[in-house]
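Morning, everyone. Please have a look at the model on the screen. I'll take one interface, then a hairpin.

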Amino acid sequence: MSEAIPQSPSRVRATAKWPGLTVLAVVLLVLPFLAGNDYHYDLMIKIALTAGVAVGLNLLVGYAGQISLGHAAFYAAGAYGSALLVQQFELTPVPAMVLAAVGVAVLAWLVGKPILHLKGHYLSMATLGLGVIAAIVINNEDQLTGGPDGLPVAPLSLFGHELSVFGSYDLFGVAITGTQVWYGIAAGFLFLSVLFALNLIDSPLGRALRALHGSEIAAQVAGVDTGKFKLRVFVISAVYASLAGSLYGYYGGFITPNIASFTHSIELITIVVLGGMASTYGVIVGTVILLLIPQFLTGFQELEMVLFGAILMVVMIFMPRGLVPTLARRFQKEAS
Amino acid sequence: MFSEFFQFTFSGVTLGAIYALVALGFTLIYNASHVINFAQGEFLMIGGMGTVVLMDAGVPIYFAIPLAIAMAGVAGILLHRLAIAPAKNADVVTLIIITIGASIFLRGLAQVFWGKEYHALPNFSATESINLGGAILLTQSLWILGIAAVLVTALGLFFTRTALGKALLATSMNKDAASLMGIKTGAILMMAFGISAVIGAAAGVIVAPITLTSYDIGIMLGLKGFIAAAIGGLGSSTGAILGGLLLGLAEAYTAGYISSDYKDAVPFVIILAILFFLPNGLLGSRAVERV
Amino acid sequence: MTALLSVDKLGKEFGGVHAVEDLSFQVEKGRIHSIIGPNGAGKTTLFNLITGLYQPSSGSVHLNGRSLAGHQPHELAPLGMCRTFQNLQICQNMTALENVMLGRHRHLKQGTFTSLFKLPALRRADQQCREECAELMEFVGCGQYIRHHASAMPYGALKRLEIARALAASPDILLLDEPAAGLNRTETDALRDVIRRIADKGITVVLVEHDMKLVMSISDQVLVLCYGRKLAEGTPEEIRANPDVIDAYLGNRHSREEATA
Amino acid sequence: MITTVTADPQTQQRARPADAPRPAGERADGTDAARGTPLLDLKGIRTGYGRIEALHGLDVAIHPGETVALVGANGAGKSTLLKVISGLQPLTGGTVTFDGENLNRRKAADRVHRGIVQVPEGRQVFAGLSVEDNLMLGAFSRRRDKGVADDLEAMYRRFPILKEKRRLHAGNLSGGQQQMLAMGRALMAKPRLLLLDEPSMGLAPLIIEEIFGIITELKREGITIFVVEQNASEALAIADRGYVLETGDIVATGSGQTLLNDDSVKAAYLGG
Amino acid sequence: ADTIRIGSFLSVTGPASFLGDPELKTLELYIDKINGSGGVLGKKLELIHYDDAGDASKARTFANRLLRQDRVDLIVGGSTTGATMAAVPLIEQAGVPFISLAGAETITTPVKKWVFKTPQSDRQAARRILMDMKDRGFTKIGLISGTGGFGASGRNVTKEEAGNFGIEIVADETYNPKDTDTTAQLTRIRNTDGVQAILNFDFGQGPAIVTRNYAQLGIEIPFYQSHGVASDSFLELAGDAAEGLRLPASALLVADKLPKSDPQYDVLNRYKSDYESHYNESVSTFGAYAYDGLQLAVQALMKAGSTDKAKVRDALENIDGAVGVTGTYRMSPEDHMGLTAESFRILEVKDGDWALTE
Ligand SMILES: Nc1ncnc2c1ncn2[C@@H]1O[C@H](COP(=O)(O)OP(=O)(O)OP(=O)(O)O)[C@@H](O)[C@H]1O
Ligand SMILES: Nc1ncnc2c1ncn2[C@@H]1O[C@H](COP(=O)(O)OP(=O)(O)OP(=O)(O)O)[C@@H](O)[C@H]1O
Ligand SMILES: [Mg+2]
Ligand SMILES: [Mg+2]
């Protein structure tokens, strides 16, 4: 039995993050060559942005074990916040995005403080409530937000150049379209999201977060101020959502209160669970799948919903830990 | 002014009783498995829409209602057998996502086979409303309140007085230990899903004359029911009723006295405030864990 | 000798039941101080009071002369106090080694930005911590589980894992709640050596245990609780001979056996 | 490889108290062949967790009325073996036969109804239910039996502290009190085969005596007992036979006394 | 290409399915019919449709797909204002003619180069209602609207227009489109001093609940609904409670009661009988938006003589006097909708059926 052999200290190294990141980078670089048309880019951009949110949400849900059913609120706050800062205060998009993220961080900190002492379903309920309140505010303050009809968003400008999805640009002599630039931005965002998330998870901070999930008391007695750490990861994941939301707004050019809706929050949490809680790459795969399924199902017209529900159930039944962790396990099993 | 207050109160009580009925459905499954069944709203839908469809097919209402409720019961059992039971060792979040999948699936089926239109069911009583002190109380609200009272008493007795009820609670606390007591945990869970579906469907039928019914009515009612169950304290049937009434009254008073724009937001603020002081809801039991 | 830990007229009530009542005692630095008593005597409750998991109904606890009133559990590790649990508190979602590393939490940097960027200093410190913790696991005798996931470990090994985790915090005082439960005689003997070596490092040990062979052979001082109150206190020899203790706790057979041991 | 420390049936005979009534189904001469079919017969038991195999095809036979002790180090697989018998741990090979019936396909609950009752490791009380409810759930498999109320009173007499705490949530009991509750709960089921996983864990010396007293008493009533104990010397002392388990294999078996006197067993489990 | 590709994204499921469902059915029915009689410009029409389920961001994705993957020649779709507006920036940039089936004024005001629409705007509906109120001598009214896109926009334009008709809005309440009870709001309106009439501006099932609550509370003052509920299913849902209420609507609901001399008589009755015989369910005014959209598209294609996008757009802009189900369209560079408030008729519910008031 292998586990009976005493281990030498050299075998206790931290898990290496570079192999995974390299694969991710290669995939992100290769994808453009597989894209047939701009619509494919559009999907990839949306997937990359959503995956970024999911990676952040996974820190909270998958690692720290705190369920949020209201994360769409932060996404929407980022999108509306930056759009309005540009529109009302004439900031340029990038500072607006940063400022919105700071605002969201403060907001998350303020609301997180009282609700994060709740546990389990009660926390879900409270976060759900926050999401609902955010959606109502966006809906009702139509003077500012355009209400249910939505809000046009000024396009992103980089170095003084406006970035239109239909424009074409020159990058070191190579002509690229606006969509491709956007893909680059979204892919970069996702890559950084993953890099930071992996760093965090494999640090003492990350360990403390995971300990919250395992045993809050053990964490406390080890000196972890559990309240403070929950709040921290809540804020971090909210900032992830905010940044993705801002980018989404700039990219799409139009946002509606739907992005703050309960359904959107549910979609985000479903991505995390589907891909695999506590698996950073898992949630990326989860995003790909959850966003692509509807695209494939459109041909089924009326049956779309039935099939979507059925697929979701079947995946979760047979891969209860989520796609990637379950498959990884199976793969290991066969390899041994 | 008093008549206005009464009117808001009646309106709140009606809403509250509806939410309470939905919340009761959550209680049973929660007590058996600690899962929040997001497909609970779909049971309501099956009750209401099933009755409509059967009546359209010429079935008289007094057969249509029990048939539709039975249909929901079967759906509940199937949900357990085909979706919950096979995911044996899945944790609670996974099970919740499965119930979300199930709710989308059921809603989709209803949409394909029963159509997307809204429908109304007739009132249970001939007189639709009664005037009390200048305010109108719907007779259907009395039906809802009455049935909610009966159900909450029945569930309360079930959990405190019967071995089966205790076995159900034990199953949620420690499944392995429960099976070491000879409790057939699978059967218990199946029963919980079945009964919960029946309660949900019955609720769906009695609220339909007020709320109308359609393939997607379960989304909103399910959500409100979950909220009501959580403020009341998950797992407590009396709490479900209290939570429902509180939510309904908060909505009606906000709409009546504060602002209808923020009618859905203000109750949430109240709820968050309640949870701040009572993190396990009004009547929820504190998790017992010693170190 | 100075009292490292001093408990003064401590009381805790649960809905009319006095789990701990008017209890005073002191633990001196560098000693092994055992607490014994019948089931339900209030030993674990006492630990929970000392470590801030419960707030006392009355009385006070001082560590190094400093009052612990109103302290949160997480504030005690920095003050040099760590403990293990009778009802295991293991993070089942982490590996065994990570559980131990958690114990080292207070010695490591965990700034948000440092962590997000994983600065080299942090990486080095973490790797060093990893190796130290692996050694600790060897030390308490569960070295073979270093690469195991905590959820795949047998009960007895988890008990030792908790000790390793508590030690990882490099505490001044260590509270052990029934560390030998689930260990057989031979394993318990090994545990005795571990506890001795811990004490030899200058760490004060407060031990709650029902294994009398272990308690009597290792303790400098023994406190006997009964119904939340102090029944007796003294050296192992004194306790073993105390008729009240024999009546309430040891039983005749045991005292006979131990006396001849 | 199994080294049978002793095969002498006489030793086994001696290990049983002289005054114990002979369990039904056991012949007077007490030889293995003459004992008839075992009550519990495990053949080639294999099981594991994921990729790691925890039990490597072991055989155990327990005859009606016997008290058998299982000793082994941490992680040897003792709890796993008990879980296999109770049906909580799926088999990858081998058969579990109880009273002549193959139980492989029987669920845990069905096995309880056939009389296999376990006091699990780590107590596993229902934390959110009252002490009394826990005890009553112990009798779930015979809940229509009129005698349950009397048994409850008997249990309270045996563990007075449980009566005192009967309205308290079981999760609020002290560790030792929970252990008593777990024992009481199992006894409420009136087992034919009682599986005990470290029943004395966390108990005060006086109560340990009580527990061993109960075991002796049950034995006298003819109940078959399979006990895992870290207090190996005491367990072996009252057991008819014992098995020694080492990393998933049975490495020795024999009468309780013989094992107690075996040097390697002494060194590994009974302390220096 | 050998077909003319008509793209569409509609809310066939979800909360606005009562719009998208008849719209899609209408498109499918008539594209078949047109292809059956030889197609347009000698080519068959090909419908490429996606269901946005009432979700604006889905609508945006699908619009993108239509433009960039399916490369459609023109788009007829967008059941809701949100869905339409989310797609508009993309469509404008891509330069593809787009005929929206959604109501709000913002879609075509200010005029956007490539965007047209067939339903009257909510402002026109509000005007038509206010006109009728003024005719009946009301000066103080109560308003109750849903907080969804349609209701919120209707509420705004009503508030803006009321003054022009000498009408004051003395009570202004809202409800969530999914609400099941509005008695609190109605009670507040009723208890406001001097209210002479109540207007409920919304679509979906909300108005049916408002109507029922209105009857349950025994409110006697005159009651108006918007064009958002102009369908038989509303009558079914609201039941007796709807008796006596008024709303502005296309003449489609009373097609058989129109005088033969009415210029729309033929178009209305043809659409009604085609739809009802094919789908065996009653026609709705929402499906008619799609009918009109498709007819306008076909006319423009024929006039342009090709699928050249700029030409088709110009042809659309120059449509003048096309008789549709919703009204007679007269487009211009200043007006990409082409209907007047008068194209609405005021209907009243009498004995459980629609009746013309004039
Ligand atoms: N939350 C609570 N509510 C009610 N009673 C409690 C609670 N916590 C502890 N008790 C009671 O307090 C007493 C002391 O319990 P404690 O766990 O401290 O005992 P202990 O000495 O550690 O016993 P053991 O040796 O069995 O572990 C017990 O009788 C227990 O039932
Ligand atoms: N849930 C699990 N997942 C993976 N491996 C497990 C699991 N439970 C136990 N094991 C492994 O199976 C083996 C046997 O464990 P088991 O709990 O049966 O031992 P034990 O003899 O009861 O030990 P103890 O005396 O500590 O209770 C051990 O090597 C352990 O690591
Ligand atoms: Mg204790
Ligand atoms: Mg064990």
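Buried area here is the accessible area, with a 1.4 Å probe, that two parts lose on being put together, summed over both. Keep in mind that this is a predicted model.

So, how much do chain C and chain A bury between them? About 3,500 Å², with 62% of it on carbon and sulfur atoms. Three residues stand out on the chain C side. C:H74, C:H105 and C:L116 supply 17% of the area that chain C buries against chain A, more than any other three residues. In contacts, 43 residues of chain C meet 36 residues of chain A.

Between chain C and chain A we count three salt bridges. One of them joins the side chains of A:R207 and C:D126, at 3.0 Å from N to O.

Which elements of chain C give two or more residues to the side touching chain A? Strand 6 (81-83), helix 2 (96-103), helix 3 (112-117) and helix 4 (120-140). Helix 4 of chain C gives the largest share, eight residues. By class, that side of chain C has 18 nonpolar, 14 polar and 11 charged residues.

Last stop, chain B. Strand 1 (residues 129-132) and strand 2 (residues 135-138) of chain B run antiparallel, joined by four bridges. B:L132 has B:A135 in strand 2 as its bridge partner. The two strands of chain B form a hairpin with two residues between them. In the turn, B:G133 has a positive phi of about 55 degrees.

Note on methods:
Residues are numbered from 1 along each chain as its sequence is written. Chains are lettered from A and ligands numbered from 1 in the order in which they are written. This is a predicted model: local features need pLDDT of at least 70, side-chain atom pairs count only at pLDDT 80 or more; totals for chains, interfaces and linings use all residues. Side-chain values use heavy atoms; hydrogens and water are left out. Contact means heavy atoms within 4.5 Å. A salt bridge is a side-chain nitrogen of Lys or Arg within 4 Å of a carboxyl oxygen of Asp or Glu. Ala, Val, Leu, Ile, Met, Phe, Trp, Tyr, Cys and Pro count as nonpolar, Asp, Glu, Lys and Arg as charged, and the others, Gly among them, as polar. Two strands pair if DSSP finds at least two bridges between them.
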